Amino acid sequence: MAGYCGKFLRVNLSTGEIKEEKLDLAMAKKFIGGRGLATYILSGEIKPGIDPLDSANKIIFATGPLTGSRAPATGRHMVVTKSPLSGTVASSNSGGFWGAELKRAGFDLIIVEGKSEKPCYISIKDGAAEIKDAEKYWGKLVSEVTDGLVEESGDPKCRVLCIGPAGEKLSMLAAVMNDTYRAAGRSGVGAVMGSKNLKAIVVRGTGRMVPAEPEQTKKVLEEVRKKIKENDVTAKGLPTYGTSVLVNVINEIGIYPTNNFQKSYFETADKVSGEALAEKYLVKNMACYGCPIACGRYSKVGDVEGEGPEYETLWAYSANCGVDDLAAVIKANKWCNEYGLDTISAGATIACAMEMYEKGIIKPDEIDGPPLEFGSSEAIVEWSRKMGASEGFGAKLALGSYRLAQEYGVAELSMSVKKLELPAYDPRGVQGHGLQYATSNRGGCHVRGYMISPEILGIPEQLDRFSLEGKALWVKMFQDLTAVIDSLGFCLFTSFALNVDDYTDMFNSIVGEEWEPGRLLEAGERIWNLERMFNLKAGVTPESDSLPKRLLEEPIPDGPSKGQVHRLSELLPQYYKERGWDEQGIPSGTRLSMLDIA
Amino acid sequence: MVVEVKLFATFRKGRFKEREMEFSEGSSLGDLLKRLKISREEAGLLLLNGQYASWKDKLTAHDVVSIFPSLGGG
């Protein structure tokens, strides 16, 4: 049973019952683990049409077969549930150490169901679990809860996953935080924990994972580590400047969304870039479990310090809000971490509110905080705090840009897909990436098939970013491969240096299989189709495979990508065809049978 | 002719952020790299006026050249 622990926990918060259940190993392998396996369980155990904040929803914390192994960058876990923000399947990925600790405690995953009457937390120590009172932690910030629970456990080595006040207040943008600074950020997964009165899960484990083929594993891992060490991106770019090294690249190409995607070039981007961060505020680099890349940053401005900001956060709060004040971005990031908010959606929602304010749709007299003006440092910091606390007008922002804009009758000003705010790349200047936004199973997301890699960075090969040729197939392949990487328990950044053969070799030697790379990719495709079927049954129709009107109709007004719009209507039919779906975007019975999920 | 050169990430160390440089007519991006002591292999991403370029491309007056090492992230 190498790779997998072979058992999982089922915690019912309504009854207080905790059960240890045996993992169906054949089923686990069919869906790999992590994201795939948890989606399979969720699909079978909840009715897709339910209200995500109802106690009938379940939330699954899942590791992959390689999470916590000796393979590099395997500190990842997934939080899988039905998203309150988008109504789609939510599977948010996080790094740090918590996932690896869960494996060491002896469990592949935890299924949490029902709803506790009072605030509670789950404590797990080497195979034993209990539900404990969390009354005194309710309302507390993430760092306070984390420090408090570590102290209460009496074991400084335990790992804490928790929500902040945003999750308690059922903010649609609430993240599930772990190890203080890491976030399963997207899709509002923190609100599902909040709806169950579940404040935290504390884990401590001392077990060791033994690979199925120790000698072969050693050989394979040596080879893989060498590749990571010799790759320019994983050995130099990411360790030196972190993810925010991308700020200047994406801006110079003219796809850096500015002022809520009204422009795509930010004149003063260099003041809020990875280079500027390293020069002014960087304290040290940080690494997750078993990671040789160490892209994490720890920064400090006055008495505000902590991990981040990452590239996406820098963008959401700087260019997208028109702010070139790096200190203010670090402060806004800090509020997001403490209140437990997704920095992409939080920054993007403030940007949307700023455009509505600029256009006179939101009136000065209806807001109880700083004017929502593009370029205002004060606005991004204070409105982040108010969103986190759901205080005053902040409570409206806490529901996300789509619900905010829709309330005022201007839903088209929300730069989102399936109600999930778009990240830091204007798809008008990078066609494949735009197709990926439109078709991602969780909505406007960049890490379900990171087409920036081939279309901008030239990895594994340089594609013409404006061309449509072959893009549908590239998107499909990247989406399937990403499902594999997520489900195995790897950090996606390993894929800058590794390919599907490397992942297959590691899977085979650690789990003890003799799979061909194609079989792993087929499992990725199976996971993708399973997620699609969940969404369709949940009422998320193919009409939502779209992009905001602005990106389809208004050409980029300035910069190196001037004049471009996204050509989704040409790409989408090709994509459906590559996926083996019908013209309406419904997976065909034949394809589902082929993938054994009919 | 004068072209504007922008350097990013590690290329700034010991060099500069942004500078105007003088080249003779017919010079290429390769000549520019040579003058900056950046090898073709090191130059992960070359942009000429915001569009992808190769070291073989010729420079013209008032071009904006951006040079990045191999980068990734997100």
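Predicted model: local features only at pLDDT ≥ 70, side-chain atom pairs only at ≥ 80, totals over all residues.
## Domains

The domain assignment divides chain A into domain 1 (7-204), domain 2 (239-417) and domain 3 (427-594). The centres of domain 1 and domain 2 of chain A, taken over C-alpha atoms, are separated by 26 Å, and the contact between these two domains involves 31 residues of domain 1 and 31 residues of domain 2.

## The hairpin of β1 and β2

Strand β1 (residues 7-12) of chain A runs antiparallel to strand β2 (residues 18-22) of chain A, and five bridges join the two. Within this pairing Arg10(A) stands opposite Lys19(A) of β2(A). Five residues lie between the strands of the hairpin, and Gly16(A) there takes a positive phi near 80°.

## The sheet β13-β14-β15

In chain A an open sheet is formed by three strands in the order β13-β14-β15, with antiparallel pairing. Its edge strands are β13 (282-286) and β15 (304-307) of chain A, each of which pairs on one side only. Neighbouring strands of this sheet are turned against each other by 10° on average, direction ignored.

The antiparallel pairing of β13(A) with strand β14 (residues 296-301) of chain A extends over four bridges, and Met286(A) stands opposite Gly296(A) in β14(A). Helix α12 (residues 326-339) of chain A lies across β14 and β15 of chain A, and runs at about 65° to β15(A).

## Helix α17 and its two partners

Two packed helices are described by the angle between their axes and the distance between the axes. For helix α17 (residues 431-439) and helix α19 (residues 471-488) of chain A, the axes come within 9 Å and cross at roughly 55°, and α17(A) and α19(A) are therefore oblique to each other. The crossing of α17(A) and α19(A) is right-handed. On the side of α17(A) the contact is made by Gly432(A), Leu435(A), Gln436(A) and Thr439(A), and on the side of α19(A) by Lys471(A), Ala472(A), Val475(A) and Gln479(A). The residues of this contact of α17(A) with α19(A) comprise three nonpolar, four polar and one charged.

Helix α17(A) also packs with helix α23 (residues 568-579) of chain A, at an angle of about 65° and with the axes 10 Å apart; α17(A) and α23(A) are therefore roughly perpendicular to each other. This crossing of α17(A) and α23(A) is right-handed. Here Gln431(A), Leu435(A), Ala438(A) and Thr439(A) in α17(A) meet Leu568(A), Leu571(A), Leu572(A) and Tyr575(A) in α23(A). By class, the contact of α17(A) with α23(A) has six nonpolar and two polar residues, and no charged residues. Leu435(A) and Thr439(A) take part both in the contact with α19(A) and in the contact with α23(A).

## Backbone features in loops

The peptide bond from Gly308(A) to Pro309(A) is cis, with omega near -5°, and Pro309(A) lies in the loop that runs between β15 and α11 (311-317) of chain A. The peptide bond from Ile459(A) to Pro460(A) is cis, with omega near 0°, and Pro460(A) is placed in the loop between α18 (452-457) and α19 of chain A.

In Asp126(A), a residue other than glycine, phi is positive, with a value near 35°. Asp126(A) belongs to the loop between β7 (120-125) and β8 (128-133) of chain A.

Key: Residues numbered from 1 in each chain as written. Chains lettered and ligands numbered in written order. Heavy atoms only, no water. Pairing = 2+ DSSP bridges. Axes fitted to C-alpha atoms, helices over the stretch in contact; angles between N-to-C directions. Contact = heavy atoms within 4.5 Å. Parallel < 35°, antiparallel > 145°, perpendicular 65-115°, else oblique. Left-handed = near helix turned anticlockwise from the far one by under 90°. Nonpolar A, V, L, I, M, F, W, Y, C, P; charged D, E, K, R; others polar. Domains from an automatic or database assignment.
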